[in-house]
2 protein chains.
Amino acid sequence: MKVTVLAGGGGGARLVAGLANAGCDLTVVVNTGDDEVMRGLHISPDVDTVLYYLAGLIDWQRGWGLQKESLAANDRYRELVVASGVEVDMQDWFTLGDRDLATHMFRTQLLTAASLTEVTAALCGALGVSVPVLPMSDEPQRTVLETTSGDIVDFQTYFVRHQHRDEIGAVRYLGSARPGPRVLEALRDADVVLIGPSNPMLSIGPILALDGVRDAISRCVAVSPIVGGKAIKGPADRLMASLGHEVSCVGVAKVYEGLVDTFVIDAVDADRASEISMRTIVCDTMMPGPDEATRVAKEIIDGI
Amino acid sequence: MKVTVLAGGGGGARLVAGLANAGCDLTVVVNTGDDEVMRGLHISPDVDTVLYYLAGLIDWQRGWGLQKESLAANDRYRELVVASGVEVDMQDWFTLGDRDLATHMFRTQLLTAASLTEVTAALCGALGVSVPVLPMSDEPQRTVLETTSGDIVDFQTYFVRHQHRDEIGAVRYLGSARPGPRVLEALRDADVVLIGPSNPMLSIGPILALDGVRDAISRCVAVSPIVGGKAIKGPADRLMASLGHEVSCVGVAKVYEGLVDTFVIDAVDADRASEISMRTIVCDTMMPGPDEATRVAKEIIDGI
């Protein structure tokens, strides 16, 4: 069975690692709506997280960044920013580890001669990742959040700097990027498109907003990122509430209505299955480590 | 006595450190013809070297980079480049230490909101450098070298990648950059303009090529970077030979004829003084460490 996964950098990336480990015939389409140029470096946070999970380099406990990372450049950067007294936002609230910096430098340098899709393929090669990882687009499409007081904040400011404390009234995908060169093909060729337990608005929404993506998906299975009425990690629960959705697996299912035919919910939410209009798969979806991710992946694949 | 120094990143930067340490009323105008965007980062090699010398952070023995530097990001970058097998030049022959990276990230980030002159002032602040350090221009002017076989190579490729092995037929300064906002003023206001023992073609030539710079200089003292017929460091000797100049302090003096009125030569070249058309100062110009640099600075200032 050919599976194409739509993923962000959180639970979706963990499921991708599990699917790869389970020997699944896999292609991954990754959100790039959070991409940002910081300190001159093109950072693709979700792509990198997926790559690091697939390469076995991630810090599973923290959920981002590399294991055994050092912070010499980052610490020095912060020292310089503080000592200089400059008043512009130097984005020193964003942490970039030394070895992680190498990834961003590699991407930024190679982008002078190649597309983001090609650069990501080169990074796959460098990291020994054989699963095709496709950025959703080679063109910029920026996810921004509009607060209830009308401010527009970019994703990293909302997520990292403000620690997702802003009350959000709307999520917008700025730009009219086309899907990456192999994205629609990967969706059409798949036996099933699997939407990971990622944030529906911030990780999956940007991919689905690209021209032609929804039409290229036929059979589609989604995994709820809301378990027992809470986000497993991150701000999906508060964001859904802000935007007027029910904060539950039922609320997520409603967001995906018309696209998804099978919905995976956690065992703790088994009693909500009858409220969901699609076919459901019930299993333990927690993935604290690689073994659990592999088990979850197998259960989902077996259940489809 | 107000002194404005024209400097590159080698002997000129050492003399600047010596002059500062000697308590001289100093402004420095630094070559930016070797500036380069590498891995997304705006690198100003000569500005950084001058700053690091002034801040007491330089590795004097090596002559570039910071003391006690780590290479986690750089080593990882090289690993990625090799493992990826990409065939474009990823400039992984250029070494960037972790703490040095912070300087380049600071510059690159702040350049989104400020000029190179302002960024350099902020770096001075961050590093506790009270001497005004002025990049020669806020606009790009690129030094390139034309080999005798007609190839055009950029400075870093010539200097670092090819280890200055190319036979050079001409040096060109591409662009029509204007001097930085305070450069002409610093030259006009100085009691003396001091040209450090820097490469005349690669470090000083780019500054002198800027519109209005030569006219703003009245009293001018230069220090020979050629001692005993050899460059103290770097390719100045071979480059001068390639370009048809005599490789000696006399040859350098000829390059500066019409601009410089007092020429500083090393004691080992004392017997060549009579061949030089300007007034000469003879002293030991070797600056292997900060104490010698201070002594040389004092001797030159006293001799002017």
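In this predicted model, 32 residues of chain B are in contact with 33 residues of chain A. On the side of chain B that touches chain A, the elements that give two or more residues are the strand β4 (41–43) and the helices α3 (72–84), α4 (98–110) and α5 (116–127) of chain B. Of these, α4(B) gives the most to that side, with 10 residues. As to composition, the residues on the side of chain B that touches chain A divide into 18 nonpolar, 10 polar and four charged.

Attention may now pass to the backbone. Most residues other than glycine have a negative phi. Is B:Arg39 buried or exposed? B:Arg39 has 28 other C-beta atoms within 10 Å; a residue with 20 or more counts as buried, and B:Arg39 is therefore buried.

A positive phi is also found at B:His164, where the value is about 40° although B:His164 is not a glycine. B:His164 has its place in the loop between α6 (155–161) and β8 (168–174) of chain B. With 17 other C-beta atoms within 10 Å, B:His164 is partly exposed, because that class lies between the limits of 12 or fewer for exposed and 20 or more for buried.

Notes
Residues numbered from 1 in each chain as written. Chains lettered and ligands numbered in written order. Predicted model: local features only at pLDDT ≥ 70, side-chain atom pairs only at ≥ 80, totals over all residues. Contact = placed C-beta atoms within 7 Å. Helix = DSSP H or I, 4+ residues; strand = E, 2+ residues; numbered from the N terminus. Nonpolar A, V, L, I, M, F, W, Y, C, P; charged D, E, K, R; others polar.
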